[in-house]
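Work through the exercises below with the sequence and the model open. Try each task before reading its solution.

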Amino acid sequence: KAILVGAHGDHLGYGENTGTSLARSDEKNKIHYGADDNASGVAGVLELANYFSVEKNKAKLKKPIYFAVWSGEEIGVLGSSYFAKAWKTENKTEFKTKFEASINMDMIGRLRDKLQVQGVGSAKEWPGLSEEVGLISGVPLILTSDPYLPTDAMSFYLAEVPSISFFTGNHEDYHSPRDTADLINYPGLVKVIDVVRSFTEKIA
């Protein structure tokens, strides 16, 4: 079985058509840059795809890894949901028979003191694996059990694949034009991606 590592690449554009913009009155119709939500997650997917493409790192893997960037997350996890539902039609096999686990990164660019690992209730193995990775990485992890998350991880949980999502927390710039690249915690982003790499390697 394969591991699916993903993030969503869409954002709110000018905030006009999604109904979820939190722009202030003086920010209306300005570009919502989406640096944390979710360029940070896309950066994570690209970095991990690059890391695991290096021959010495790839040689250690016993399972395939799929890397994906989803569209339509902000209007109802459309891309990831379609991928999971269309799998059976296009491949003549159940989604859950192909994928062992799904790892999602949604807003990982504002690490403060702790990293949230969401959806660990989707499989009994996640808490123990989280404890192990937390000790290795030195990054404090906060585990939340509920697998019904407002992000792409839920698409795969509903397809009966254990799914977790990484999240550095909400902030006042969320869904506004203020979510800009200069506010990303870049050393923290590197730490988060390293945690996700450890999870991926241990499963693979």
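A cavity is a set of points on a 1 Å grid over the protein atoms alone where a 1.4 Å probe fits but cannot get out; a lining residue has an atom within 4 Å of a point. Grid points are joined across faces, edges and corners, and a volume is the space filled by probe spheres set on the points. The model is predicted: local features need pLDDT of at least 70, side-chain atom pairs count only at pLDDT 80 or more, and totals for chains, interfaces and linings use all residues. Residues are numbered from 1 along each chain as its sequence is written, and side-chain values use heavy atoms, with hydrogens and water left out.

**Exercise 1. Cavities**

Solution: 
- Step 1. A search of the whole structure gives two cavities of 30 Å³ or more.
- Step 2. The largest cavity holds about 50 Å³ of space.
- Step 3. Ala, Val, Leu, Ile, Met, Phe, Trp, Tyr, Cys and Pro count as nonpolar, Asp, Glu, Lys and Arg as charged, and the others, Gly among them, as polar.
- Step 4. Helices (H or I, at least four residues) and strands (E, at least two) are DSSP runs, numbered from the N terminus. Strand E1 (2-8), E3 and helix H6 (153-157) each give at least two residues to the lining of the second largest cavity.

**Exercise 2. The largest pocket**

Task: State which residues lie nearest the centre of the largest pocket.

Solution: 
- Step 1. A pocket is an open set of points with protein on both sides within 12 Å along at least five of seven lines.
- Step 2. The volume of the largest pocket is about 290 Å³.
- Step 3. Its lining has 16 residues, and Glu 73, Asp 106, Pro 150, Thr 151 and Tyr 174 lie nearest the centre.
- Step 4. By class, the lining has five nonpolar, seven polar and four charged residues.

**Exercise 3. Aromatic pairs**

Task: Describe the pair formed by Tyr 66 and Phe 99.

Solution: 
- Step 1. Rings of Phe, Tyr and Trp (its six-membered ring) pair if their centres lie within 6.5 Å; planes under 30 degrees apart count as stacked, over 60 as edge-to-face and the rest as tilted. The structure holds 16 such pairs.
- Step 2. Tyr 66 and Phe 99 are 4.9 Å apart centre to centre, with 75° between the planes, and the pair is edge-to-face.
- Step 3. Tyr 66 is in strand E2 (residues 65-70) and Phe 99 in strand E3 (residues 99-105), 33 residues apart.
- Step 4. Buried means under 20% relative accessible area, exposed over 50%, partly exposed in between (1.4 Å probe, protein chains only). Tyr 66 is partly exposed at 30%, whereas Phe 99 is buried at 2%.
- Step 5. Ring pairs join Tyr 66 and Phe 99 in a cluster with Trp 70, Phe 83, Trp 87, Phe 95 and Phe 156.
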